[in-house]
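Hi everyone, thanks for making time for this.

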Amino acid sequence: MNLKARNRETLTAIIFLLPNFLGFLVFASIPVLVSLGLSFFDAQLAPWPQVLTAKFIGMGNFIKLLGFHLKDGAWIANDPNFWKFTGNTLFLMMVIPFQIFGSLILALIMNQKLRGMVAFRTIYFLPTIANGVAIYLLWQWVYNPNFGLLNSMIARVGDVLNLKLQGPHWLSSEAWAKPSLMIMGLWVVIGGHNAILYLAALQNIPKDFYDAASIDGAGPWKKFWSITWPMISPTTFFITIMAVIFGFQSGFMQAYIMTRGGPNGATTTLEYYIFKNLYEWQHVGYAATIAWFLFIVIFIITLLNWRFGGKVVHY
Amino acid sequence: MRKQNTRISEALLKSKRLKVKRELLRKGITYVALTAIGVTMLLPFLWMLSTSLKEPQAIYAFPPKWIPEPVIVESYLKVWKIVPFARFYLNSIFVAFCVTIGQVMTSAFAAYAFSRLRFAGRDKLFFAYLATMMIPYSVILVPVYMLMVYFRWIDTYKALIIPAMFTAYGTFMLRQFFMTIPRELEDAARIDGCSLFGIFWKIILPLSKPALATLTMFTFMASWNNFMWPLLVTNSQEKATLPVGLSYFQEVYQYTQPDWSLLMAGSLLAVLPVVIVFVFNQRFFVEGIKLSGIKG
């Protein structure tokens, strides 16, 4: 190719890339750096007229976030809320194994050539599609302690068994608020993206493997553990990593709609805490610090996953 | 000899019958399981529909009835009056429409450059794109929100649309698809003197219709269901999108028992468009998820 054609190709590439690249620069890559810079400032947006007051405090925000101080002979966290909300986030993430396991079971059931399977798959995907404020309002109503669907069903079961069964107060109880969100999360996620990915992985396993195993006299249980499970391990690995990454930075929308982060902060996650700092208190420096802390945690976990997860994956 | 043969064929027949029987049993169990899960998935939606058609007194009846009597549609009429629901609807449609067009177009252009054109630093730049996909959204959120404040874009359509128009995800997904298109087609067009833009327009885009359709739907749905960003950058009912508008309903009932019939009617109207789009195009979703693996 001659030089002229090459230059023309570069020029064309620049024109094609420009719109996306400018947006990428202004709304993604520069903000990442600005955000890092902000985390070293005590920065606040003044309400009106909107101006920024910022004072350089070095690692001050990180010390406030992660540090402890001695008070009356006991170590107290500088920001106890942060630890509580981190605990909430981790607690809510305990639903992830159930979601993944459930999606796998669903995919195994769907991986059979039966009539009407597309209709079932569509129904299972509906919660994922509709996921948003409307779904959270619906579940808030389902969880209503006196007139909601769930507690009335529990009472009905109690009638049949001749017992006086009373469901918990779900969202308004500090003990049950997180499990409520987790049960809802299971319903939303189980038939969604992960089930589709598992289904695709199952369909890619060559039939011959199972035929050979049958000749050797392997039963369905044995076939699953020695063929299916190893063959879909890359998918399991991928789904797990994505769910963990996503899990750390989620929980705002459902808690904002259903509980406003309560009762008593029981459903406030780190994502919600960032929102509060940013929107309610205009503490942009501290919000950026929490966001960067999240980034670092996610980065380390992803690295560890690649390093050690790679060994259990069979390609 | 013959006796033995009949015995073998009898045994074969028996085992075949057994096999058919077992197959039938397996199918039966599968259908029962599929239906049970399907009912679990649908029950909350049916509860939503049932509640939205009930009289106020019937909502708080115990035990609750599945079939409302009488069936009333009043909530569906009231929804439009108690808050500017039509305005929320139009805002959501307008914003989702602009975001989708912007995102698909800028992504397609960039993806073509990344997959087909040669220029210095191409792969490094693409790697930088991939890297931003790993960064938590909240890291970017803080400065972009401040940018909206500085630009005085708060409570404008610009804030709702423009930052959402550029994604690394769309570029990545389309690039992966463009890579699978055979190069021979382009080479032939080049020899015929077709310009690079012509190749993009007349060859790449028409061959990528499935991938473009998938990205279009993903983007539209994401925009439709997006909540945190519109909540941050709007502060009037004139600019609120549907999810933010639905949260206004809650505030109307802050100090009283909510009118659940009304809330469920509003929620149902809000999810209906995406559900309909999905049901008729679910094939694209499945293909799109398999293609990129990401988005979850």
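The helices, of at least four residues (H or I), and the strands, of at least two (E), are DSSP runs numbered from the N terminus. By class, this contact of α8(B) with α11(B) has 5 nonpolar, 2 polar and no charged residues. For the classes, Ala, Val, Leu, Ile, Met, Phe, Trp, Tyr, Cys and Pro count as nonpolar, Asp, Glu, Lys and Arg as charged, and the others, Gly among them, as polar.

Before I go on, please keep in mind that this is a predicted model: local features need pLDDT of at least 70 and side-chain atom pairs count only at pLDDT 80 or more, while totals for chains, interfaces and linings use all residues. Residues are numbered from 1 along each chain as its sequence is written, and chains are lettered from A and ligands numbered from 1 in the order in which they are written.

Back to our pair, then. How are α8(B) and α11(B) oriented towards each other? Helix α8 covers residues 168–179 and helix α11 residues 209–225, and they pack at an angle of about 165° with their axes 10 Å apart. The axes are lines fitted to C-alpha atoms, for helices over the stretch in contact, and angles run from 0 to 180 degrees between N-to-C directions. The two helices are therefore roughly antiparallel to each other. In these terms, angles under 35 degrees count as roughly parallel, over 145 as roughly antiparallel, 65 to 115 as roughly perpendicular and the rest as oblique. The crossing of α8(B) and α11(B) is right-handed; a crossing has that name if the near helix is turned clockwise from the far one by less than a right angle, and is left-handed if anticlockwise.

Helix α11(B) has another partner to show you. The axes of helix α4 of chain B (residues 85–116) and α11(B) come within 9 Å and cross at roughly 140°. That makes α4(B) oblique to α11(B), and this crossing is right-handed. Among the α4(B) residues that take part are B:Ser92, B:Val95 and B:Val99, and the α11(B) side includes B:Leu215, B:Thr219 and B:Trp224.

Let's hop over to chain A. Here helix α4 (residues 96–110) and helix α9 (residues 193–203) have axes that come within 8 Å and cross at roughly 50°. That makes α4(A) oblique to α9(A), and the crossing is right-handed. The residues that meet include A:Ile100, A:Leu104 and A:Ala107 in α4(A), and A:Tyr198 and A:Leu202 in α9(A). This contact divides into 10 nonpolar, 3 polar and no charged residues.

Now, which helices are covered? In chain A, helix α14 (residues 270–280) is mostly covered, with 9 of its 11 residues buried. A residue is buried if 20 or more other C-beta atoms lie within 10 Å of its own, exposed if 12 or fewer, and partly exposed in between. The buried ones in α14(A) include A:Glu271 and A:Lys276, along with A:Phe275. Just after α14(A), A:Gln282 takes a positive phi of about 60°. In chain B, helix α9 (residues 183–191) is hardly covered: the count of buried residues among its 9 residues is 0. Just after α9(B), B:Gly193 has a positive phi of about 85°.

Next, the domains, whose bounds come from an automatic or database domain assignment. Chain A has domain 1 (3–67) and domain 2 (80–312), with their C-alpha centres 32 Å apart. Each of these domains of chain A puts 12 residues into their contact. Strand β1(A) gives the most to the domain 1 side, with 5 residues. Chain B is divided into domain 1 (2–52) and domain 2 (79–292), and there the centres lie 42 Å apart. In chain B, 4 residues of domain 1 are in contact with 6 residues of domain 2.

Finally, how many residues does each chain bring to the contact between them? Chain A brings 72 and chain B brings 71. Helix α1 of chain A (residues 3–38) gives the most to the chain A side, with 18 residues. By class, that side has 53 nonpolar, 16 polar and 3 charged residues.

Technical notes
Contact = placed C-beta atoms within 7 Å.
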